[in-house]
Amino acid sequence: MPTSLQSVLKSVLAGLVLAAAVAMPALADGLKDEIAPTGKLRVAIAISPAGGAFWSTKTEAGYAGVPVDLGREMAAQLGVPVEYVVHQNSGQITDAASKGTLEKDAWDVTWLPKDPERETMMMFGPIYEVADATYIVKSGSSVTNFATLDQPGIKVAAVNATTTMRGAVAHLKNAKVTGYQTYDEIFGLLRSGEIDAFALSRDQLNKMAQKIPGTRVLDETFKKTVTAVAVPLGRSQALAFVSKFMNEAVTNGTLRKAYDNNGLKDSSIRTE
């Protein structure tokens, strides 16, 4: 091969290597600009003592919960600090999905229950939890099943603007469903007997029943609630990254560890 041709080929190869080296950080930086535009990964969480795979809790050291652990690990993979954006419920997280990058309560990634209404407001990745939604009834109640619950004059509470509340409204034709901002408020109303029932996931209601003697969780299920990772609309690179992260978290034990660290050692991971 002529020396001049060899030189040309070497120059071309060197150029391709240099271009690749420049392009790879550029792609990484492009992802960071989209998924963490403020330089931090802002993780939206909802605070409640309910526990489970969605809710987080306030602790002396900060926050604890499955989304807290997953957000910390995701930020570490991106090489950016994590910042938790606290809300009272998933409805508030949903409302904040359309906020501008620098607005108060804006977030970059979250883990929350998915339904068709929310799919118009954010983009969802893989499902990591499936829960059975039902009702807990107050102490002394004569309600034993859905038929006796769905009667005029029966007061049912749900956390406001959540997928469980929308499911309860659709399910009950005669009982009145009222939304409240926090789990704690509803807990107090149920304990005092001011409401007849509370709609939530079965695992959380079983824990509640242990704290309020005489209450009973109904055997039937009115809705399957699925929980998934989500990002605001228009962030396709971010969606691809968080989807890959969650798929790997299921297979490499990251999700199992997050469950175990947050009181869910006996809970199986349900992805469908």
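Student: Let's start with glutamate 119. How exposed is it?
Tutor: Glutamate 119 counts as partly exposed, at 42% relative accessibility. Buried means under 20% relative accessible area, exposed means over 50%, and partly exposed lies in between, with a 1.4 Å probe and protein chains only. Keep in mind that this is a predicted model: local features need pLDDT of at least 70, side-chain atom pairs count only at pLDDT 80 or more, and totals for chains, interfaces and linings use all residues. Residues are numbered from 1 along each chain as its sequence is written, and side-chain values use heavy atoms, leaving out hydrogens and water.

Student: Which side chain does glutamate 119 meet in a salt bridge?
Tutor: That of lysine 114, at 3.8 Å from N to O. A salt bridge here is a side-chain nitrogen of Lys or Arg within 4 Å of a carboxyl oxygen of Asp or Glu. Lysine 114 is partly exposed, with a relative accessible area of 23%.

Student: What does glutamate 117 pair with?
Tutor: Glutamate 117 forms a salt bridge with arginine 166, and their closest N and O atoms are 3.6 Å apart.

Student: Where do those two sit?
Tutor: Glutamate 117 is in the loop between strand 5 (109–114) and strand 6 (122–137), and arginine 166 is in helix 5 (residues 163–171), so the pair ties together parts 49 residues apart in sequence. Helices (H or I, at least four residues) and strands (E, at least two) are DSSP runs, numbered from the N terminus. Glutamate 117 is partly exposed at 39%. Arginine 166 is partly exposed too, at 26%.

Student: How many salt bridges are there by this rule?
Tutor: The count comes to 13. One of them joins lysine 99 and aspartate 105, with the closest N and O atoms 3.8 Å apart.

Student: Which residues are linked in a network of salt bridges?
Tutor: Arg42, Asp108 and Arg235 are linked that way.

Student: New topic. At what angle do helix 2 and helix 8 pack?
Tutor: Helix 2 (residues 66–78) and helix 8 (residues 236–252) pack at about 115 degrees, with their axes 11 Å apart. Axes are lines fitted to C-alpha atoms, for helices over the stretch in contact, and angles run from 0 to 180 degrees between N-to-C directions.

Student: Which residues make the contact?
Tutor: Helix 2 brings Leu70, Glu73, Met74, Gln77 and Leu78, and helix 8 brings Phe241, Val242, Phe245 and Met246. Contact means heavy atoms within 4.5 Å.
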